[in-house]
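Please open the structure in a viewer and keep the selection tool at hand.

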Amino acid sequence: MGLDEKMETTSHERVRIALVTGAGGGIGACICQRLAAAGFRVIAGDIDSARAAQVAGTLGSSGHIPLAFDVSDEIAVENAFDHIEHHCGPVQAVVCAAGLLLFQADGERPLIKNTSMDIWERSQAVNARGVFLCARAYINRREKEPVRHGRFVTFSSVAAQLGGYRSSASYIAAKSAVLGLTKAMAREVSHLGITVNSVAPGLIDTEMLRSTVSSSGAMQAAVANIPLGRIGTVDDVASAVEFLVSENAAYITGSVMDVNGGYRMQ
Ligand SMILES: NC(=O)c1ccc[n+]([C@@H]2O[C@H](COP(=O)([O-])OP(=O)(O)OC[C@H]3O[C@@H](n4cnc5c(N)ncnc54)[C@H](O)[C@@H]3O)[C@@H](O)[C@H]2O)c1
């Protein structure tokens, strides 16, 4: 069955639709599984079509679908929302988990003095612009066709809160922009009953973290600074997202949920 046919078959059902970007990543895949289990029809979005398809294939047969698009591309994001809403109906929840942490060609984290324009621009484009484009596409559609319990969840990072030890200035700056955008959007869409919150993970065991830690000794040193004494799991993060998109989180908006084992306390 083709993508369009698969979407059409369930287009008239009353289902809650969740779009997860970065669905092919460690955290995104786990969020897709949690939201599917919670009764959402999940659109697994990722720039990597094979990863998106692989994750959607693990979700069961309730109309969950993969959708390959680049969150940094204005036209691609608009087309993705048009496609989903035309074939499935209005998106209730958006989870912006797509993210990108770039290193230099030699594998080192780029210091500001060595940061190329390519690294700076791509970091902003995926981590910050990508969230803005999804936010704008979502708001315009929900103003025309409101939904109950609208939810928008962004991803920042403890790196933005602490200045980061393993990431880069371009990533930290982009993830800091996400914190501001989350609050601005929370105010702008409150009249629509939509909540907007950010999740700020600490050190979570995914490809992204492993790319920043050079040895098991470095990982142990990192763990020594985490009060709960371990690296976080993708389930730890997905639990927070599952709560934030639930009806139980109706009175939480403009907030940042730290999922970091106590690594950074306010
Ligand atoms: N893992 C951690 O320790 C950690 C810590 C803090 C914040 N985060 C954030 O959590 C989120 C998920 O991280 P993760 O660890 O699962 O990362 P990951 O690298 O495992 O997954 C990221 C996913 O985003 C996708 N992606 C990249 N660029 C894209 C684009 N332009 N359009 C669409 N998809 C794109 C990738 O293909 C990948 O599947 C990210 O926003 C990340 O910055 C992660």
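The model is predicted.

**The nonpolar core**

Begin by selecting Ala18, Val20, Cys32 and Val95, the residues with the most contacts inside the largest nonpolar core, which comprises 76 residues. In general, nonpolar side chains in soluble globular proteins tend to be buried together.

Now centre the view on alanine 18. Beyond its neighbours within four places in sequence, alanine 18 is in contact with Leu35, Phe40, Val42, Ile43, Gln92, Ala93, Val95 and Val245.

Select helix 2, residues 26-37, and highlight alanine 29 within it. A distance drawn from the C-alpha atom of alanine 29 to that of leucine 209 reads 16 Å, although the two residues are 180 apart along the chain.

Move to isoleucine 27, also located in helix 2. Isoleucine 27 counts as buried, with 29 C-beta neighbours inside 10 Å. Which residues does isoleucine 27 contact, leaving aside its neighbours within four places in sequence? They are Ala97, Ile204, Thr206, Val234, Val237 and Ala238. Lysine 175 lies 148 residues from isoleucine 27 along the chain, and their C-alpha atoms are separated by 16 Å.

**Helix 4 against helix 5**

Select helix 4, residues 74-87, together with helix 5; their axes come within 9 Å and cross at roughly 40 degrees. That angle makes helix 4 oblique to helix 5. The crossing of helix 4 past helix 5 is right-handed. To display the contact, show Glu74, Val77, Glu78, Phe81 and Glu85 of helix 4 with Leu133, Cys134, Ala137 and Arg141 of helix 5. Coloured by class, this contact of helix 4 with helix 5 has five nonpolar, four charged and no polar residues.

Finally, go to histidine 149, in the loop between helix 5 and strand 5 (151-155). Histidine 149 is not a glycine, yet has a positive phi of about 55 degrees. Most residues other than glycine have a negative phi. Histidine 149 is partly exposed, with 15 other C-beta atoms within 10 Å.

Technical notes
Residues numbered from 1 in each chain as written. Predicted model: local features only at pLDDT ≥ 70, side-chain atom pairs only at ≥ 80, totals over all residues. Core = buried A, V, L, I, M, F, W, Y, C linked by C-beta atoms within 7 Å. Buried ≥ 20, exposed ≤ 12 C-beta atoms within 10 Å, placed from the backbone. Contact = placed C-beta atoms within 7 Å. Axes fitted to C-alpha atoms, helices over the stretch in contact; angles between N-to-C directions. Helix = DSSP H or I, 4+ residues; strand = E, 2+ residues; numbered from the N terminus. Parallel < 35°, antiparallel > 145°, perpendicular 65-115°, else oblique. Left-handed = near helix turned anticlockwise from the far one by under 90°. Nonpolar A, V, L, I, M, F, W, Y, C, P; charged D, E, K, R; others polar.
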